[in-house]
Amino acid sequence: MISRRKFLERSAAVCAASALPLDTFAFAKGTEEDPLRWVDPRIGTGGHGHCFPGAALPFGMVQLSPDTFNNEWDWCSGYHVSDSSIMGFSHTHLSGTGCGDLLDFLVMAGTGDAHIVPGDRSNPDAGYRSRFDHADEVMEPGYYSVLLKDYKVRAELTATERTGFHRYTFPASDKAYLILDLQHGYGPGAGLCDSAELRQLAPDTLAGGRRTSAWGKNRHAYFTLKVSKRPERIVYFIDDKEVAAPTGTEELKGKNVKCVLYFKTKANERILVKTGISGVDAEGAGKNLAAETTSWEFDKVRKDARETWRKQISKIKATSANETHKRIFYTALYHLSLGPTLFDDVDGRYRGMDNEIHSLATGEHHFSTFSLWDTFRAAHPTFTLIEKQRVPLFMNTLIRMSEQSPKGMPVWPLMSTETGTMTGYHSAAVISEACSKGFTGIDYEKAYGLMMKRAMHEDYRGLGYYRTLNYIPADKEEESVSKTFEYCYDDWSIAHVAHKLGKSDDAAMLVKRSGNYRNYYDASTGFMRPKLEDGSWTTPFRPIDMGHTKKWRDYTESNAWQATFGIQHDPAGLIEILGGRESFVKRLDGLFTAPSDLPEDAPPDIAGMVGQYAHGNEPSHHISYLYVYAGAPYKTQARVRSLLETMYADQPNGMQGNEDVGQMSAWYILSALGFYPVDPVSGNYVLGSGLFENAVVELGGGKKLEIVVERKDPAHQYVQAFSLNGKPQQKVWFHHSDIVEGGKLVITMGPEPNTTLGADVAAIPPSLKLA
């Protein structure tokens, strides 16, 4: 198993006037508030957030953004707020991941004699990179701008789904230039480029592609690039040595291919660049370019991008006087909408997981960048609320991947590659959630066969032991405890599909097997403890440790503290083995009050510590809601409110840990609205402590979920009463079916706990129950 950390261990003023102000495209006076005013792409670009600040559309293929550095963990997105120079602007970026890749087809503008290497951050003058000031940056959804101080060039970026659009405003120069660097990418060895090719299609048009093996092995990317002004000349380089220009259909080939386009410019002259990209071939990139960017009207494309984002961000409308909360919330919705990413061409072709070219049926789309170990928890459940048209497209993509991939069910697919990063195979979880929630247009029979092949037959990362021993031995498989828990959840998920398809025997077997987590409970220590093949416990054992040996870890980016509360599908069973409700509540309190000590080999992913709770890493995300299952929902309410206030900030360093392609944001979105899916596939949502006085969630098809919070003071965090669709409730949870056709939640809140609401056994959310 490739963990995120293990992968990394391996591996001028006048010009500024061209950047239009934000209110150029603002709402007309008298209309409702523009939610885009609250989106701040700077959030997450510092600390360990790993977010990029550049231009993209919701779920788009292109992420056109500045690169400040292209190696080391905190530069997984190519950008970090701590830097003061920019290498250039590449067309593909990952949002919030713990592993780095992409950064395809870097373009950089300059003046004078061009360097052909980027240079070092400590000495920008040695390369083509340029110093910049954050005060000169403009960031908004679908647009980015910065002044390249060393060259006095204003760079502006916007995008369509499959194309990146640049506008560079130059000073007067006889040697203005644009560099195209095909070697640039993420990682040591200049992005681990295996091969690249470049050809000139016309005086103003270049095309080519490359194969890389950074995180995703043998990953293919292609482009077609046009400039608005014919260059005076183009100089080509292979291995940083000038070579003759290609003629006719000739291609330049190598691992390090670059070119420099030279121009003569007047003061404030603008040169525009538009680039189509494709995973299929350069011709496909050209078709994408021709279809999506038909003119040189940069401002129109920017305006269209902004309007697309306005529609996306308006899917949830939240009312609050707290501007910080709104800024964090709407930026979270923005980050959530950056992935998965489109991965098909306008002609319907895409590169599959078998590295072959396939064609889609009319109306279908193919996607990439599924961070499933993270996103099955809250991001995909949020999609089932606000992305009802996209959910079947996402699921059909995962099914196609399962069919085409030699590695079977997707784990962490990136473009046409399977990275294999993280544990479990949670494509099964998100497909099963869609099935459980009644989404149509998905071939569940086909999906079921593919899921059962993995669950019942493939000897995948300890699954053989899981099936025969009902646990995975720590002396036979790394991260054995976490893998078993993830397989338990995947079994539970697949059981829902079996149930829906009438396969009752399979469903019963899978539900029973999803209880395998029980085999790790050591009553003598009170923790989930690794076990050897002979049935004995591992030694030595400390609950803060990652594992019992330096050979490998027994837990995935967690320890026994977090793993002990890592059961999402069967809280009732977990409460039972921990001694019942009262004992469980004390143990859960202890998680949050224990010393935050971690061993020296703990990965940096374990962040955002509250005791031994780690909000910066996904296995902890449901834990604060478990009090509800023990009849103490008021403790969930207090803890969730504290996490909302302390784990997020409207600053570049505003996230605890990686953003993780929307999951860190989704936790905030749902928790700020007042509920969370502890067990996503069940369709149940558990109440927490919402931040907003009123919110409206657009469910699609004209249906809405309205959330009304009645309280005298925003500081009131405890639920006093709960009404669902006009009916008072004694429980503090609801099901997806209660709201899918539209619904209304009315939550009355006060300053003191209501210790009786949701305390009765009959009011507890169900565990291990197939709907």
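Which residues in H5 meet which residues in H6? Before I answer, please note that this is a predicted model. On the H5 side they are Trp 309, Gln 312 and Ile 313, and on the H6 side Tyr 330, Leu 333 and Tyr 334. By class, five residues of this contact are nonpolar, one is polar and none is charged.

Let me turn to the geometry of this pair. Helix H5 covers residues 298-313 and helix H6 covers residues 323-336. Their axes come within 10 Å and cross at roughly 110°. Because angles of 65 to 115 degrees count as roughly perpendicular, H5 is roughly perpendicular to H6. The crossing of the two helices is right-handed.

I move next to the sheet. It is open and is formed by nine strands, in the order E7-E8-E9-E10-E19-E14-E13-E12-E17, with antiparallel pairing. The edge strands are E7, residues 138-140, and E17, residues 252-254, each of which pairs on one side only. On average, and with direction ignored, neighbouring strands of this sheet are turned by 15° against each other. H5 also belongs to this part of the picture: the helix packs on the sheet and touches E7, E8, E9, E10 and E19. The direction of H5 makes about 50° with that of E9.

Eight bridges link E10 and E19 in the antiparallel sense, and Thr 163 stands opposite Gly 276 in E19. E14, residues 219-227, is joined to E19 by six bridges, and these two strands also run antiparallel. In that pairing, Leu 225 stands opposite Thr 275 in E19.

Finally, I come to helix H10, residues 427-436. This helix is mostly covered, with 10 of its 10 residues buried. Among them are Ala 428, Val 430, Ile 431, Glu 433 and Cys 435. What covers these buried residues includes the helices H7, H8, H9, H11 and H13. After H10 comes Gly 438, which has a positive phi, near 85°.

Thank you for your attention.

Technical notes:
Residues numbered from 1 in each chain as written. Predicted model: local features only at pLDDT ≥ 70, side-chain atom pairs only at ≥ 80, totals over all residues. Heavy atoms only, no water. Axes fitted to C-alpha atoms, helices over the stretch in contact; angles between N-to-C directions. Helix = DSSP H or I, 4+ residues; strand = E, 2+ residues; numbered from the N terminus. Parallel < 35°, antiparallel > 145°, perpendicular 65-115°, else oblique. Left-handed = near helix turned anticlockwise from the far one by under 90°. Contact = heavy atoms within 4.5 Å. Nonpolar A, V, L, I, M, F, W, Y, C, P; charged D, E, K, R; others polar. Pairing = 2+ DSSP bridges. Buried < 20%, exposed > 50% of the residue type's maximum accessible area, 1.4 Å probe, protein only.
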